[in-house]
Amino acid sequence: MNQRFLHKWIIAVIIFIAVNSCRPPRPPEPTSQQSSNNNIENSTTYSTAEEQSSKIYRDLEIPFMQDMTSRQRFLREAYTVCYNNDRRCADWVAWVISRERTNGDIERKVHCDENGNAIGIADCVPDWIRGDYIFDNEVDKPQEFSDWAPVPEGLSHGHLCPAADCKLNKTIMNQSFLLSNICVQAKNLNSGSWNKLEDKCRKLVQKYNYNLYIVAGPVFKDGKVSATMGANKIAIPDAFFKVVLCMDGTPKAIGFFYANNNESHNMQDAVRTVDQIEELTGIDFFPQLPNGIEEEVESHANLNEWQ
C-alpha cells in the first residue's frame, strides 16, 4: 500500500473516532410520564377494527402526580386507579370510553363463575362480594363493607368509572364495582347531576363515534379531609371533578366541578378549564400531549363544543 495513502487513511480514522467520542450519549427512552413532547401518533393502538376510524392513543388518559406517598396505582382492564390509602378512596380513576364499551349487552351486576367468585377479579372469593360491590384485596388499606353499613342518610356509593361505561365484558363490569372505584357521594348528586354528565359523555360517543379520555375523582378543600365515614374513616369529599379529552377532529378538552351535596347543579355552572381543575387537585392531566396541544386544550372550555 502506498505510504502516503496509508498515512491519510490513518489520520481519517483518528478524526472519525475523535468526533464520535465527543458526541453526548443517547438519552434513555422516556417513560410514559416523561413523553409529553412525543408524537402521540407513535403510540396509537386500536382495540377493534370498528374503532380504526377513531384513533385510540395508549395511556393518554393517565394523569401524573408528583407525590405518590401512601398511594398505589393499578392498571386494570376497565380503568387505571390511583388509590390513596390515607383517605381510603381513589385520588383519581382514568379510562377511555368508545362505542364498543358502551354498546355492550353485559348486565349491570356482579358476574360470578360457577364457584361464586367474581369473574376477572384476582383471587376473589364469595365473601368479597356484597350485593353490587366487591372488596378490593389489592389495596393496602381497603374500604370495608362494614364502613358502609348502614349508608348514612343522604349519602351513596359513587362510582368514579361508571358501570354503564363498562358494558364490553364481564371483567370490566365487575371492576367497576370494586370499592376502590367508589367514593362517598351525595345521593342526589349521584343520581342527578353527576349521572347526567356521565350520560352526556356516552351520548357523545354514540353520536359521533368519539373516543373520550376521562379522569374523575374527589376534591378536598385545601387538600384536607373534613369529614369521614365508618370505623376506617373513609374520607368524604367536598366536591368531585371530571376532565374529558377528545382527540377526534380538532383536539378539545373540558373540566367539571361539582360540590358534593344534595342540591341541584347546572352543568353549565359546573364547567371549568382543565387548568382550573389541575389547580384545585394538584394533578397533571393528559401529560403525554405535545406541549402546544396541551396548553391550548387545557386553557379553554366551552360546553357548546360538546353538543
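**Exercise 1.** How many bridges join strand β10 to β13?

*Solution.* This is a predicted model, in which local features need pLDDT of at least 70, side-chain atom pairs count only at pLDDT 80 or more, and totals for chains, interfaces and linings use all residues. Residues are numbered from 1 along each chain as its sequence is written, and side-chain values use heavy atoms, leaving out hydrogens and water.

Step 1. Find β10 at residues 212–219. Strands are DSSP runs (E, at least two residues), and helices are H or I runs of at least four, numbered from the N terminus.
Step 2. Count 8 bridges to β13; the two strands run antiparallel. Two strands pair if DSSP finds at least two bridges between them.
Step 3. Check one partner: P218 is bridged to F240 in β13.

**Exercise 2.** Which residues of α8 are buried, and which are exposed?

*Solution.* 
Step 1. Apply the cut-offs: buried is under 20% relative accessible area, exposed over 50%, partly exposed in between (1.4 Å probe, protein chains only).
Step 2. In α8 (residues 291–298), E294, V297 and E298 are buried. They lie on the same side of α8 because they cover an arc of only 90° around the axis, taken from the directions from the helix axis to the C-beta atoms.
Step 3. G292, E295 and E296, on the other side of α8, are exposed.
Step 4. The buried residues of α8 pack against β13 (239–246), β14 (252–259) and α7 (274–281), where contact means heavy atoms within 4.5 Å.
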